[in-house]
Amino acid sequence: MPFSDRPQIFGLILGFIGVLIFGATLPMTHIALQGFSPYFITLGRAAIASVAAMIALAVFRRPFPKKHFPALFGAGIGVVFGFPGFSSIAMQTIPASHGGVVLGVLPLLTSIFAALIDGERPGPLFWACGVAGALIVIIFSVRGSGFHLSAGDLWLLAAAVSAALGYVLLARLSRDLSGWEAISWALVVTFPLSLLGTILVAPSGIHAPGVGEYGALAYLSLMSMFGGFVFWNAGLAIGGIARVAQVQLLQSFVTLAISTTLLKEQLGLETIIFALLVAFVVWLGRKARFS
């Protein structure tokens, strides 16, 4: 393996670990919704993850990076509130397996923000693969509805835009801080909002949850909101935002597998075919040149 390729490979590996963790997010959200409102899930998971982040920062004695406050706050709005909030609303009306494939548009959006904000310049093959992947996802989303997006699909698209912008901001921050510090400080600077919001929605947002619902909320808080970003941010920063972002198209497989196992959702041959097409696009896009 050429030495120059090693950072890209390492970044892809770290990104894939993040994808494995993120892949359970939609199924866990479905489970958590049985005991909590989407608003409590959004704010509560952020508040819990913020406490974990503060403990980690205190243990390792990391100073607050004042100069990065605007980027940290902007990233926090996208990944701490935007994606969790919009996706929780979407999961009220659509299956997690369906949502997992719809979110295949995320890598293309991340690449667009990487080009606009970070100055990355992928080549024509990369953009062709990105657009093809997005089109596959859109066709999957509307294939059974007369080519009309459902409300759940629109909420998921809003979630994808929020996440993509947050990913790019966190990846840029991870070059100066580190993957875990970037998400930790993003959680900390938005903690006053998440804590206040959790307190306000708690009376109407908790609906007699059981062990499963509490477990799902814990996963969303400590893994989806914190642990996954440790690997994901580092992968984007090391391997290149646009290139590593394409690995997230494989998240569809993870979400489909977990949805089938935990939620007993039925997977048709058509869904599997769409997921395979998306995987092929990832493989092809990985070979694209960057200028």
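Two residues are in contact when heavy atoms of each lie within 4.5 Å. The structure is a predicted model, in which local features need pLDDT of at least 70, side-chain atom pairs count only at pLDDT 80 or more, and totals for chains, interfaces and linings use all residues. Residues are numbered from 1 along each chain as its sequence is written, and side-chain values use heavy atoms, with hydrogens and water left out.

Leaving aside neighbours within four places in sequence, Leu170 is in contact with Ala75, Val79, Ala182, Ile183, Ala186, Phe229 and Asn233.

Aromatic rings of Phe, Tyr and Trp (its six-membered ring) pair if their centres lie within 6.5 Å; planes under 30 degrees apart count as stacked, over 60 as edge-to-face and the rest as tilted. The count by this rule is 10 aromatic pairs. The pair of Phe64 and Trp185 is edge-to-face, because the ring centres are 5.1 Å apart and the planes stand at 70°. Phe64 is partly exposed, with a relative accessible area of 35%, whereas Trp185 is buried at 8%; buried means under 20%, exposed over 50% and partly exposed in between (1.4 Å probe, protein chains only). One aromatic cluster is formed by Phe22, Tyr167, Phe229 and Trp232.
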